[in-house]
Every structure is written in structure tokens, then in C-alpha cells.
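Here's a quick walk through how the parts of this model sit against each other. Have the structure open while you read.

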Amino acid sequence: MTTTTAPRKGAPAHEQAAELQASARRAMTRRKTWVWIGRAALAVIIVGGWQWFTSAGWVDKFFFGQPTEIWTSLVNLVTQGTAFGTIWENLGITVQEAIYGFLLGTAVGVVLGILLGSNRYLSEVVGPYIRIVNSIPRIVLGSIFIVAFGLGVFPKVLLAAVLVFFVVFFNAFQGVREVDQNLVGNVRVLGASPLQVAIHVTIPSAMTWIIASLHTAFGFAIIGALVAEVLGAQQGIGLIISQAQGTFDPNTVFACMVIIAIVTLGAEYLIGLLERSLLKWRPPNRSEAQAV
Amino acid sequence: MNANNPKRPPEVPERAEDAAGIDIVGLTKRYLTPKGETFTAIRDVTLKVEPGQFCAIVGPTGCGKSTTLAQVSGLEQPSAGSVSVHDQIVDGITKGVSYMFQADALFPWKTVLGNVLIGPVLLGTPKREATVLARDWLRRVGLAGFEDRYPHQLSGGMRKRVAMAAALINNPRILLMDEPFGALDVQTKAIMQNELLQLWEELRPSVLFITHDLDEAVALSDKVVIMTSSPGTIKDVFAIDLPRPRGDVQQIRHEGRFLELQGQIWESLKDEVTRAYNLSAGAAA
């Protein structure tokens with residue numbers, strides 16, 4: 001860009017380039033500031049509006065809670081703990097269930113997805129059944145797992161894993177299907193065995209799809225663990241939620257939601273880091289490049 | 001290790017006697033369409049490529065040129081007839097073959113170096129040796145210093161060079177090229193054609209080169225084969241007696257003999273192209 005603009009009279013080209021650079025940087029800072037101002041304003045409108053409507057009595061805070069009281073419950077949860085032990089113990093249980101479920105579901109999903117994606121016969125045989133299983137409301141399986149395996153950690157892990165599995169499986173399956181057949185032909189001609197084709201072509205190619213699915217998958221893992229806990233547990237955030245529901249205490253429910261949201265955001269961030277390191281070969285996102 | 005092992009150091013290229021001839025006899029390929037009907041892509045194709053010969057195949061779109069290459073590589077099996085390479089009937093993947101496609105079949109997740117060294121690595125060459133070889137080949141195609149880039153960071157011409165290095169690093173006996181320069185702009189195409197000719201002169205593999213570009217076919221090859229469309233058969237074969245080394249493909253285009261040959265081939269090709277166009281126009285109407 002700098003080379004195409006005619007230099008002004010008296011100003012050396014390098015000076016003008018520096019000037020352009022500086023003005024571009026100023027424009028970017030200005031844009032970023034406005035985005036943050038917009039974000040803050042939105043938060044103030046929503047939380048402030050909620051507080052205002054409930055304290056004015058237009059909305060009943062007995063049913064819908066109130067931001068200040070949610071904050072109080074949050075502080076209470078952290079300082080005084082719950083009937084089932086400290087909040088950290090309960091959170092630890094829930095996160096543990098979600099992580100185990102996430103890992104189990106991802107592992108099985110990736111393996112089966114790649115296997116079925118690369119084997120046409122298998123995929124045609126199993127395909128309709130997967131679609132049937134996918135269309136049933138899987139969350140209900142939680143009831144069965146709790147009846148079958150009791151109130152411990154295992155049924156929660158299982159429900160989280162089932163929810164995660166389908167998300168990851170369909171992405172891995174599709175990812176394998178989208179592999180560039182020219183690439184496969186190319187390495188086969190060069191003498192690659194089926195295993196080498198998988199290592200060098202199929203798996204790296206499906207990785208884009210699989211990693212994209214992990215973002216949603218962790219959310220599902222948390223949902224699975226929470227719902228299974230609500231259905232029946234001895235400890236965990238889900239239990240606190242169902243207990244609060246029983247005592248008509250929406251503020252504690254919201255406080256638990258806040259805690260879980262923070263955990264999920266943290267996990268999301270970690271998955272983002274993983275994505276960036278595994279997919280560093282990808283061309284930079286168009287929208288990132290246009291930010292200037 | 002048998003004599004057909006293509007894993008050889010590139011510094012001592014063994015010439016034509018080592019390249020394999022391709023003998024296609026009565027080759028027919030039928031496909032099963034999803035509706036369960038059969039579709040004949042090529043019928044009764046008979047073609048002989050001498051060892052070390054550069055053979056171009058020209059024909060209208062959809063005449064089964066790519067299908068022919070797939071049978072030679074062994075990626076697909078013929079429905080009838082046979083393909084022999086080095087007097088051996090192709091049954092499974094042919095050894096010592098490299099493929100180059102129109103869309104550059106590079107691994108987007110591997111660096112330039114990783115893309116080139118995949119060939120020797122798949123043959124079981126230790127990584128260290130493969131890296132040395134790959135660096136040498138990148139230097140030969142003028143990409144020294146770009147080893148750590150990813151394909152998306154390169155221009156179209158540079159990606160072609162990477163693909164060329166990746167195709168030639170195993171010192172193939174047969175090079176199958178499916179419209180390799182089809183997507184390039186005219187100037188880049190001319191540069192790549194010259195580089196291909198130079199590398200071919202050094203290594204002398206047998207080449208089957210598919211193209212739509214008649215000038216390209218005449219300028220590069222020893223033999224031009226015209227194929228008819230649906231089902232693909234061979235219509236004419238022209239020997240190109242332009243002296244080698246050809247030098248600059250841009251220069252050769254103006255020579256009398258080139259124009260004469262090009263005119264003859266166009267006469268033969270014209271009818272086919274018109275017929276194929278009318279067929280597709282009729283189908284569209």
C-alpha cells in the first residue's frame with residue numbers, strides 16, 4: 001500500500017510509511033476501544049435492567065432471582081459451603097465427571113468415526129442405527145444409568161460420554177469423508193500401506209473437524225454431568241441445583257450457573273490453545289487478517 | 001531389494017534403460033453408476049510408451065484421460081484388457097510411479113520440507129537421509145530457504161514446484177501428470193514447462209502427460225495421442241520429431257515444424273472437440 005501512494009512534497013518515503021503505520025495503529029486502537037465500550041454497555045443494560053425490574057417489582061424476584069442476591073448466594077456458597085461439603089468439593093466432583101466423560105466420549109468418538117468413515121461397508125451397515133440412536137433423547141439415558149449404576153460418579157461419566165460421543169463421532173466421520181482423494185491416491189502410488197494412509201492423510205485431515213467439535217463437546221460433557229447429578233447424586237453442583245430448586249431458591253441456581261459458566265469458559269480457552277498448536281498450519285482466519 | 005526398487009540417490013540418475021515402458025492393450029474401464037447402470041469410460045485403448053518417452057494425451061473433456069492414468073498407476077483395475085509396465089502386468093499399485101495432479105495434492109498440514117520427504121519416508125528411508133534428499137530436491141526446484149513454509153504461504157507456481165520435487169524425489173520410472181499446469185497463469189505455466197523439461201532430461205522417466213493445451217503437448221512431448229470422447233478411445237497418434245533438447249518452450253512455438261505439427265493435430269482434434277461440445281450442448285438443451 002505504501003509504495004503505491006505518491007510521496008508528499010518534502011516528506012521522505014520512509015517517514016510517510018511510519019506515519020501511515022501510526023495512523024493504522026490508532027484506527028485499530030479506536031475500534032477496539034469502541035468494541036469494549038459496547039460490550040460493557042450491554043452487560044450493564046442486561047444485569048442492571050434485571051436488578052431494576054426485580055427491585056421495582058415488575059418481575060417477581062421470588063421466581064427469577066436478583067443479581068445482588070445471586071452475588072450473595074455465590075459468596076455464601078464459597079464462604080459457608082453447602083449441606084454436602086464445600087463448594088470446591090462439589091465443583092471438583094462435577095468437573096471430574098465432566099472431564100472423564102469428555103475424554104471417554106472423545107476417544108470412542110474419534111476411533112469409531114475414523115473407522116466407519118474409512119470403511120464404506122461398515123458405515124453403510126451401521127449408519128442407520130447410529131442415526132436412530134442419535135434421534136432418541138439421550139439425556140433420558142441418565143435415568144437408566146442411575147438405576148443401573150447407582151448414585152456414584154460412574155453413571156455421570158457415562159451420560160457425559162454419551163453426549164460427547166455423538167458430537168465428536170459425527171465430526172470425525174465427516175472429516176474422514178472430506179479427505180482429498182487426490183492426496184490419498186498420491187500417497188498410495190508412493191507405496192503407502194493403509195495404516196500409513198491413515199497416519200499421513202486421513203487423521204491429520206479429519207483433525208480440523210474433530211477439534212472444531214471439541215468446543216461444543218466440552219459443553220455437552222458438563223451438561224451430561226449436571227443433568228445426571230440433578231437426576232440423583234450424593235455430591236456435585238447438580239445436586240446443589242436440585243436442592244435449591246426444592247427450597248425455591250433461584251439465586252443459588254443462578255450462582256451455580258455462574259460457577260459452571262466460568263469453568264466451561266476456562267476449558268474452552270484450553271481447547272482453543274490446543275487448537276492453535278495443532279492446527280498452526282492453517283491459513284490465518286480471514287476476519288483476523290482484516291482487523292487492521 | 002529387487003532391481004525395480006525406485007529408492008536411488010538422485011545424484012546418479014540412471015537413464016532411459018532404467019525407465020519403464022508402458023504397454024496398454026485393449027484397455028476398457030466400466031464404472032457402476034449409483035443407479036446401478038454401467039458407464040464405459042474408456043474402450044479398447046491400445047497405446048505403447050517407450051522407456052523414457054514423453055507422451056501427451058489430448059482430448060475433449062470427459063474422454064477418460066484421467067481414467068487411463070488411474071489404470072496405469074494401479075489405483076484402479078481395468079475391466080478388460082491390460083496394462084503392462086516393464087513387461088509386467090499391472091496388478092495392484094505399480095512400483096516406481098509418481099503422480100502429479102492439477103489441484104496440487106500437497107499436505108496442507110506439512111511444511112514444504114515435510115511434503116517433499118514423504119516419498120522416501122514411505123519407502124522406508126530413514127528420516128535423516130530423507131531430509132537431506134528433500135533439501136537437495138528443494139534446491140533443484142529453486143525453493144531453498146522455503147523449507148519451513150506451509151503450502152498456503154506459497155504462490156501457485158511455488159506449490160507446483162513443491163509438487164514436482166515431491167513427485168521426482170523417488171526418481172520414478174514413470175511420471176503420470178494429470179493436467180499438472182492447468183490451473184496456472186500463462187507466464188508461470190511457461191516457466192514450469194521449461195523446468196519440467198530440464199528435470200525430465202536429467203532423469204528421463206517415461207511420462208504420460210494429460211493436457212487440454214495443444215501447444216503444451218507439442219512443445220513438451222515425443223508423442224501426442226488424441227482421444228475421442230464417451231467412451232474414450234484412441235483416435236490418432238502423432239510422433240513429434242522436434243529435436244531435443246527443446247530449450248525454451250516459448251521460442252519453439254514459433255518454429256515452422258512446430259506450427260506444421262500443431263496444425264495437423266488440431267485438424268484431428270477439432271472434430272472431436274466439436275462433437276463433444278455438441279453432445280454436451282444437446283444434453284444441456
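How far apart do the C-alpha centres of domain 1 of chain B and domain 2 of chain B lie? In this predicted model, the C-alpha centres of the two domains of chain B lie 26 Å apart. Domain 1 of chain B covers 16–96 + 174–280, while domain 2 of chain B covers 107–171.

The two domains of chain B do touch: domain 1 of chain B puts 12 residues into the contact and domain 2 of chain B puts in eight residues. On the domain 1 side, the top contributor is helix α5 (residues 186–203) of chain B, with seven residues. By class, that side of domain 1 of chain B has 10 nonpolar, one polar and one charged residues.

Now for the contact between the chains. Chain A brings 16 residues to it and chain B brings 19 residues. On chain A's side, the elements giving two or more residues are α8 (181–189) and α9 (194–231) of chain A. Of the elements on that side, α8(A) gives the most, with seven residues.

| Class | Residues on the side of chain A that touches chain B |
|---|---|
| Nonpolar | eight residues |
| Polar | six residues |
| Charged | two residues |

One last stop is a record for chain A. An unreviewed UniProt entry places "domain: ABC transmembrane type-1" at residues 91–271 of chain A. In the model, residues 91–271 of chain A are 86% helix and 0% strand, and the end C-alpha atoms of that stretch are 20 Å apart.

Definitions and conventions
Residues are numbered from 1 along each chain as its sequence is written. Chains are lettered from A and ligands numbered from 1 in the order in which they are written. This is a predicted model: local features need pLDDT of at least 70, side-chain atom pairs count only at pLDDT 80 or more; totals for chains, interfaces and linings use all residues. Two residues are in contact if their C-beta atoms, placed from the backbone, lie within 7 Å. Helices (H or I, at least four residues) and strands (E, at least two) are DSSP runs, numbered from the N terminus. Ala, Val, Leu, Ile, Met, Phe, Trp, Tyr, Cys and Pro count as nonpolar, Asp, Glu, Lys and Arg as charged, and the others, Gly among them, as polar. Domain bounds come from an automatic or database domain assignment. UniProt positions are given in the numbering used here, feature names are shortened, and annotations may be inferred rather than shown by experiment.
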